[in-house]
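Please find below my note on the model, arranged as numbered points. It begins with strand pairing and then turns to the protein as a whole.

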Amino acid sequence: MPGTINGVGTHYWGRKNTVHIAGRCQNCGADTNLKSYDTWYCIVFAFIPVLPLGRRRVLDECPSCNRHNYMPLKKYRQTRDEALEEAAEAYRTNPADAEVASNFIQTLIGWRQRDTFVEASQTLESANRNVIDNLLLLAAAHGAFYRSQDEERCLRAALQLEDRPEIRWDLALNLILQRRSTEAIPFMQHLFEQEGAAAVPGLQLLVRGLQQDGHHDEALGILTRIEQTFPDALDEKEFARLRKDSEKHRATGKRIRHKDLELKPPKDKNTSGCLTAFPLLVPLFFLVIFVSLGVDSSGSAEIYLVNGVGQPYNVTIEGRQYTLSPGSRLKTSVSTGSISLTYANAVGEERTRTLELEGGFFSWLDNNLTLVNPDLCAIVLWEETVYSQTPEEDYEPAARVQTGQLVHTHQDIDFKFVPFPDQIETSSDRVFRQRLSLLDSSDPTLALAMYLVNHSGEERLAFVKNRLDFHPGDAVSLKVLELLEKDSVPAK
Ligand SMILES: [Zn+2]
């Protein structure tokens with residue numbers, strides 16, 4: 001990552017072959033427009049590039065946290081061309097094979113090949129009109145490339161094949177983003193039949209979509225139904241606000257702007273057309289380091305809020321509310337010391353937990369990774385591998401699984417939520433690297449199995465109860481609870 005202090009350091013210069021994709025940042029978890037482009041990596045002085053260090057492909061730069069991956073441009077092009085050629089060749093030879101088609105689509109999305117995807121999408125769609133997984137993959141690709149109408153068509157085709165709640169949800173969201181919120185209403189009806197109040201955040205989104213299009217009567221109708229169906233699960237302040245807004249603008253039909261519901265495909269702006277030659281703007285090159293690390297981060301800690309259940313829910317910490325979608329993580333900053341957080345379970349009962357976060361003036365020097373998991377059900381996987389000049393046949397990669405904890409703290413994690421790269425650059429012959437990731441804990445059986453083998457006694461009972469808090473009807477959890485409770489009764 002480039003970085004400058006008082007205008008001196010390393011920086012990117014120029015931008016070419018820019019591609020945007022709508023996706024989730026691997027670092028901060030924001031749903032945003034990720035940007036990839038060719039650029040020069042160079043040393044800058046007073047923000048003016050003075051010495052080129054090489055050309056790079058920046059991959060998926062996040063506008064919120066600026067984090068991204070990159071590859072040397074030459075290597076990027078070579079690897080990309082090989083991967084595309086292989087997938088395209090397989091598809092040309094065997095266009096009727098659903099798995100080959102799936103791999104081709106995934107390769108196009110993975111390498112952000114918007115133009116090729118657009119070209120091939122029609123043929124792919126008609127050949128896969130009975131393959132639901134491929135239709136959903138095509139829908140996701142259209143969505144990622146800001147092609148809402150094509151996404152809508154693929155989702156409708158998939159829904160025709162099989163009526164699944166998650167397809168209904170995706171279609172409703174698509175229609176809301178297309179500013180056709182009234183058409184989304186039928187696809188959210190099933191939320192009213194859901195057990196518990198996990199449906200409320202989704203229905204709130206529908207209300208906001210309707211307000212954005214000026215349909216206040218419909219918005220008020222949905223609000224009343226939510227109040228009748230889930231009387232105990234309401235965030236009363238938020239509800240009062242939504243209701244007040246719609247009542248106020250009912251007569252005029254005024255549209256209320258909700259920024260997060262605006263679909264704005266960014267323009268692929270290229271800032272330099274002559275990237276092949278690096279301009280030596282300053283003939284003399286000075287490197288002056290101004291040490292200005294007066295960062296005082298005592299009193300605050302960076303954390304990732306993690307959702308470990310298959311339901312979205314809201315968490316409030318220090319007066320700020322965060323919506324955690326299933327399996328997601330959100331990066332934020334909170335006070336150190338003892339702080340409390342609140343959230344509501346599936347039937348709207350409020351839960352409060354207290355967490356202790358360490359702080360101190362030099363805490364920013366520690367390379368800590370802290371996850372906060374309010375529902376206590378996330379499954380965190382720590383892994384270690386070795387990079388070596390010579391193959392190590394006897395080496396067994398190390399791995400540990402953790403779950404059932406409110407706070408997970410790990411030190412010196414090299415790869416956060418990303419796979420181990422195949423190769424790394426290092427000066428030694430043999431180095432160890434660690435990574436941290438989250439397993440899919442929406443599957444209750446997997447979560448339970450992971451926990452039960454790692455724990456015993458009371459802890460097991462608590463974990464099963466925590467899961468039931470969000471999945472009250474889950475048959476496997478109920479059965480395990482019954483067995484554990486029988487087990488914990490002392491024998492006479
Ligand atoms: Zn980010």
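1. Strand β3 (residues 31-45) and strand β4 (residues 48-61) run antiparallel and are joined by 10 bridges. Strands here are DSSP runs of E with at least two residues, numbered from the N terminus, and two strands pair if DSSP finds at least two bridges between them. Trp-40 has Arg-55 in β4 as its bridge partner. The hairpin of β3 and β4 has 2 residues between the strands, and Ala-46 takes a positive phi near 50° there.

2. This is a predicted model, in which local features need pLDDT of at least 70 and side-chain atom pairs count only at pLDDT 80 or more, while totals for chains, interfaces and linings use all residues. Residues are numbered from 1 along each chain as its sequence is written.

3. On its other pairing, β3 runs antiparallel to β2, with 12 bridges between them. Tyr-12 stands opposite Tyr-41 in β3. In this hairpin 6 residues lie between the strands, and Gly-29 has a positive phi near 80°.

4. Strand β2 (residues 8-24) also pairs with strand β1 (residues 4-5), in the antiparallel sense over 2 bridges. Thr-4 has Gly-9 in β2 as its bridge partner.

5. Strand β4 is joined to strand β5 (residues 69-72) by 4 bridges, again antiparallel. Arg-57 is partnered by Met-71 in β5.

6. Of the 492 residues of the protein, 29% count as buried (20 or more other C-beta atoms within 10 Å of the residue's own, C-beta atoms being placed from the backbone).

How values were computed: A residue is buried if 20 or more other C-beta atoms lie within 10 Å of its own, exposed if 12 or fewer, and partly exposed in between; C-beta atoms are placed from the backbone.
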